[in-house]
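Please consider the sequence and the model shown here before reading the notes on its secondary-structure packing.

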Amino acid sequence: MAISTESWGSEAWKALCKVRETTPLVQCITNFISMHIMANSLLADGASPAMVHVIEELLEFTSLSSALGINIGTLSPDWIFSMKAAAIRANECQKPWVLDPVGVGATRFRTEKCIELINLKPCVIPGNVSEIMAVVGEWNVCTGESTTTCCAAVTKI
């Protein structure tokens, strides 16, 4: 359903009010640099953030959460496994999840792991111009952060 530019502000306000009324538990698997930013942003919006990424509690926690956010800034074997496991569990539980493709396109490894996560069907993929271009295969090398942010909306099946 498309939202007209005239009603965008009121729709955004309604969504924020709903978050504040329901205080959703949002599980975040994010890099160390952005953990506090993500937590504080979610708290300011009225959500309850949880930075849970260890596999021993991840599946149970994903089932309990309202939503999942994955940021690929930290790519170690353990974190990659946790990211995939959480995304799969979120889909099983019909929970929305967001994939932040930090630095995708910078290295072949990072791009391959990001594509593997995209294949798990996130609801939204935010990113700067170079990240979104890399995601859609139009960019080979990430040139750094841009002041322009794009958002690739993915239809949830």
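The briefing below takes up a strand, its pairing, and a helix.

The model is predicted, so that local features need pLDDT of at least 70 and side-chain atom pairs count only at pLDDT 80 or more, while totals for chains, interfaces and linings use all residues. Residues are numbered from 1 along each chain as its sequence is written, and side-chain values use heavy atoms, with hydrogens and water left out.

**Strand S3**
- Five of the five residues of S3 are buried, so the strand is largely enclosed by the rest of the structure; buried means under 20% relative accessible area with a 1.4 Å probe, protein chains only.
- In a regular strand the side chains alternate between the two faces of the sheet.
- Both faces of S3 are covered, with Ala67, Gly69 and Asn71 buried on one side and Leu68 and Ile70 buried on the other.

**Pairing and crossover**
- S3 runs parallel to S1 (residues 25-29), to which four bridges join it, and Ile29 stands opposite Ile70; strands pair if DSSP finds at least two bridges between them.
- Four bridges also join S3 to S4, again in parallel, and Asn71 has Asp100 in S4 as its bridge partner.
- From S3 the chain passes through H4 to S4 in a right-handed β-α-β crossover.

**Helix H5**
- Arg110, Lys113, Cys114, Leu117 and Ile118 are the buried residues of H5 (residues 108-118).
- Seen down the axis of H5, these residues fall within an arc of 145 degrees, so they line one face of the helix.
- Their cover includes S3 (67-71), H4 (77-92), S4 (97-100), S5 (124-128) and H6 (129-135).

Key. Buried < 20%, exposed > 50% of the residue type's maximum accessible area, 1.4 Å probe, protein only. Helix = DSSP H or I, 4+ residues; strand = E, 2+ residues; numbered from the N terminus. Arc of directions from axis to C-beta. Contact = heavy atoms within 4.5 Å. Right-handed = clockwise from strand over helix to strand, strands pointing away.
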